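I am opening a notebook on a structure that is new to me. My plan is to go through it topic by topic and write down what I looked up.

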Amino acid sequence: MKRIAMLGSGFIGRFYADSLQGQRSKDKIVMIYSRREEAAQQFAKDYQCEHITTDMEAAIAHPDVDVVCISLPNNLHEPAVMLCCKHKKAVITTKPLGRNAAEAKRMLEAVEAAGIFNGYLEDLVYTPKFIKAYESVKNGALGRILWAKSRETHPGPHSDWFWDIEKAGGGCILDLGCHCVEITRSFIGKDIKPVEVMCWADTQVKPIDAEDHSIGLIKYENGAIAQFEVSWTFRGGLDLRDEVMGTEGTIWINNFLRTGLEMFTTGKGADYVAEKAESNSGWLFPVGDEINDLGYNHMFTDMFNSMEKGVEPRETFYDGYIVNAVLDAAYKSAKTKQWEPVILDIWRGQTGLSKESHLINYDDNYYLVKEEVTHYGAKKVILKNKATGVIEEKILE
Ligand SMILES: NC(=O)c1ccc[n+]([C@@H]2O[C@H](COP(=O)([O-])OP(=O)(O)OC[C@H]3O[C@@H](n4cnc5c(N)ncnc54)[C@H](O)[C@@H]3O)[C@@H](O)[C@H]2O)c1
């Protein structure tokens, strides 16, 4: 059993607590740190925590605490991580790791210098649908991955600090794009280097300094392309969708709005439906088990199993740093309207890749372009003559 200090008793702190202490979990939140004593007391009551405090360092340093789980606003991730390094406590932190790559790099270097366990809590690469899709991709069911797209849009976050560019570090690009970058990067291959970003961003609706809508493209060194679509102005709930396209196949994932469970109600007796649902009457799309379907259970299982085995989890601070570096390039591109390089002072994957050969041999003289059976029963092949470059078609018997 691991004894956890939860830093922050808000939205994600409670989702995490529901996952950590749900079902028959053996790990236990023994300490809650919150700014306000009443909030800490309520959390301690709801999750049966032994200790409460309004002093962050006291929570981290407490001898009963093995692991610190950071569920604080983005501007507090770095100070909290530095205290974990000081007190040599294992640390797992919510996304985004930093408000920018410079902060993320400092955190990565600090945890590695301190020699402490570090986990990056990117739940959306642990959803049951993602895990199944990812296994298929790794087993080659989609061939060479050409394009991966991830979309996260909703009507905007639930707390004041998200809307304050200084505290949050950015708008929807940072808040939601961090998920999309890690999802698409995982499908393309985490050892493939992201090299350039082109991004459009604007503040179309909200009275804020940050962007509330953005679309971006990320080029990878092997020629693959990733795409993110993020918004704080989308109406209709939380739209979480991914698409992957490879030379041998395609995957479409819908995590939230169309999961196969559809319900109509006049609203009588209606209550909470799902995260960011905008209505609780009419036709609704409830989510079967949000904690599990959002990946929290599989994520914490990986984190705590890895901690016990003394190995790295699937998502570490290094991954959080790469994500921040990609998003820094996105912000720069949104300003310059140019492709901007991803600046990676630390890179541990492959280097020097180029677009892999994509030509399929048909025979000694031809490459295959395409084959098809038509509605009138002909089997056709389109071929490219290797010597002349001429495109020809053949009808097969
Ligand atoms: N799916 C996800 O992974 C996911 C979802 C939501 C939020 N998050 C992340 O979780 C973090 C917290 O977001 P949230 O949605 O829980 O926010 P929240 O506002 O609901 O909760 C934040 C918590 O931090 C505390 N806090 C706020 N300002 C503080 C300060 N100055 N000093 C000390 N404590 C302070 C609040 O009291 C609260 O307990 C953010 O980094 C956010 O990006 C992740």
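Predicted model: local features only at pLDDT ≥ 70, side-chain atom pairs only at ≥ 80, totals over all residues.

**Entry 1**

I started with Gln 23, which sits in the loop between α1 and β2 (28-33). The phi of Gln 23 is near 45°, a positive value in a residue other than glycine. I wrote this down because most residues other than glycine have a negative phi. Is Gln 23 buried or exposed? I found 9 C-beta neighbours inside 10 Å, so Gln 23 counts as exposed.

**Entry 2: another positive phi**

I then looked up Lys 337, which lies in the loop between α12 (317-336) and β15 (340-341). Lys 337 is not a glycine, yet it has a positive phi of about 60°. Lys 337 is exposed, because 10 other C-beta atoms lie within 10 Å and 12 or fewer count as exposed.

**Entry 3: a cis bond**

I checked the peptide bond from Lys 95 to Pro 96 and found it cis, with omega near -20°. As a general point, most peptide bonds are trans. I located Pro 96 in the loop between β5 (90-94) and α5 (101-114).

**Entry 4: the domains**

I looked up how the protein chain is divided. The domain assignment gives domain 1 (3-122), domain 2 (125-288 + 314-341) and domain 3 (360-396). I noted that the centres of domain 1 and domain 3, taken over C-alpha atoms, are separated by 59 Å.

I also consulted the UniProt record. In an unreviewed entry, UniProt lists residues 3-115 as "domain: Gfo/Idh/MocA-like oxidoreductase N-terminal". In the model, residues 3-115 are 45% helix and 20% strand, and the end C-alpha atoms of this span lie 19 Å apart.

**Entry 5: the parallel sheet**

I traced an open sheet of 6 strands with parallel pairing, in the order β3-β2-β1-β4-β5-β6. Its edge strands are β3 (51-53) and β6 (118-121), and each pairs on one side only. Neighbouring strands of this sheet are turned by 20° against each other on average, direction ignored.

On one side, 4 bridges join strand β4 (residues 67-70) to β5, and the two run parallel. For Cys 69, the bridge partner in β5 is Ile 92. The pair β5 and β6 also runs parallel and is joined by 4 bridges. Which residue of β6 is the bridge partner of Ile 92? I found Gly 119.

How many residues of β5 are buried? I counted 5 of its 5 residues, and β5 is mostly covered. Ala 90, Ile 92 and Thr 94 point one way from β5, while Val 91 and Thr 93 point the other way. In a regular strand the side chains alternate between the two faces of the sheet.

**Entry 6: the antiparallel sheet**

I traced an open sheet of 4 strands in the order β16-β17-β18-β19, and here the pairing is antiparallel. β16 and β19 (391-396) stand at the edges with a single partner strand each, so one side of each has no neighbour in the sheet. I found 6 bridges joining strand β18 (residues 379-385) to β19, and these two run antiparallel. The bridge partner of Val 381 in β19 is Lys 394.

**Entry 7: around the ligand**

I turned to the shell around the ligand. Of the 20 residues there, Gly 8, Gly 10, Phe 11, Ile 12 and Ser 159 come nearest. Helix α1 (residues 11-20) gives the largest share of the shell, 3 residues. I sorted the shell into 7 nonpolar, 9 polar and 4 charged residues. Domain 1 (3-122) and domain 2 (125-288 + 314-341) each contribute at least three residues to the shell.

**Entry 8: two residues and their distances**

I looked up Ser 186 in helix α9 (residues 177-188). Ser 186 counts as buried because 24 C-beta neighbours lie inside 10 Å. Between the C-alpha atoms of Ser 186 and Trp 283, 97 residues apart along the chain, I noted 34 Å.

Last, I found Ile 343 in the loop between β15 and β16 (360-361). Ile 343 has 11 C-beta neighbours inside 10 Å and therefore counts as exposed. Ile 343 and Gly 169 are 174 residues apart along the chain, and their C-alpha atoms are separated by 18 Å.

Definitions and conventions
Residues numbered from 1 in each chain as written. Near = placed C-beta within 6 Å. Nonpolar A, V, L, I, M, F, W, Y, C, P; charged D, E, K, R; others polar. Domains from an automatic or database assignment. Buried ≥ 20, exposed ≤ 12 C-beta atoms within 10 Å, placed from the backbone. UniProt positions renumbered as here; feature names shortened; annotations may be inferred. Pairing = 2+ DSSP bridges. Axes fitted to C-alpha atoms, helices over the stretch in contact; angles between N-to-C directions.
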